[in-house]
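Good morning, and thank you for coming. I would like to take you through one structure, a feature at a time.

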Amino acid sequence: MEEGADPAQRDTDGENCVHHLVRAGERWPGLAVDMFVFLQETLSADVLKKVLKQENLQQRNPLDLCAKLGVPEMMLCILNTPNVYKFR
């Protein structure tokens, strides 16, 4: 991120870095959660909200993708993101 990486950048399927963390969470849930926590600590609240609300070409944002793929660890992390889904 320090070198200018754009977390909102999408691939040809319309998926950003958090979509890819969700997919990684199917196989390596602990690593995906750790990487998501790093993003939470690194990104501004506005950028994080933008990334979490972006939809892929199937109109799924990262939370929707968690539900579809059955990745509860990442689902809980995303749901507990302050000022995006958690407001207390």
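Let me begin towards the end of the chain. Asn83 lies in the segment after α5, which spans 72-79; helices here are DSSP runs of H or I with at least four residues, strands are runs of E with at least two, and both are numbered from the N terminus. The phi of Asn83 is near 65°, a positive value in a residue other than glycine. For context, most residues other than glycine have a negative phi. Asn83 counts as partly exposed, at 49% relative accessibility; buried means under 20% relative accessible area, exposed over 50%, and partly exposed in between, with a 1.4 Å probe and protein chains only.

A word on the source: this is a predicted model, in which local features need pLDDT of at least 70 and side-chain atom pairs count only at pLDDT 80 or more, while totals for chains, interfaces and linings use all residues. Residues are numbered from 1 along each chain as its sequence is written, and side-chain values use heavy atoms, with hydrogens and water left out.

Gln59 also has a positive phi, near 60°, and is a residue other than glycine. Gln59 sits in the loop between α3 (45-53) and α4, and at 55% relative accessibility it counts as exposed.

I turn now to a pair of helices. How do α1 and α4 lie relative to each other? The axes of α1 (residues 17-27) and α4 (residues 62-69) come within 9 Å and cross at roughly 20°; axes are lines fitted to C-alpha atoms over the stretch in contact, with angles from 0 to 180 degrees between N-to-C directions. The two helices are therefore roughly parallel, a term for angles under 35 degrees.

Which residues meet there? Val18, His19, Val22, Arg23 and Glu26 in α1 meet Pro62, Leu65, Cys66 and Leu69 in α4, where contact means heavy atoms within 4.5 Å. These residues divide into 6 nonpolar, 1 polar and 2 charged; Ala, Val, Leu, Ile, Met, Phe, Trp, Tyr, Cys and Pro count as nonpolar, Asp, Glu, Lys and Arg as charged, and the others, Gly among them, as polar.

Finally, the cysteines. How many disulfides does a search of the whole structure find? The search finds 0, a disulfide being a pair of cysteine sulfur atoms within 2.5 Å. For Cys66, the nearest cysteine sulfur is that of Cys77, 8.8 Å away. Cys66 is buried, with a relative accessible area of 1%, and Cys77 is buried at 17%.

Definitions and conventions. Angles under 35 degrees count as roughly parallel, over 145 as roughly antiparallel, 65 to 115 as roughly perpendicular and the rest as oblique.
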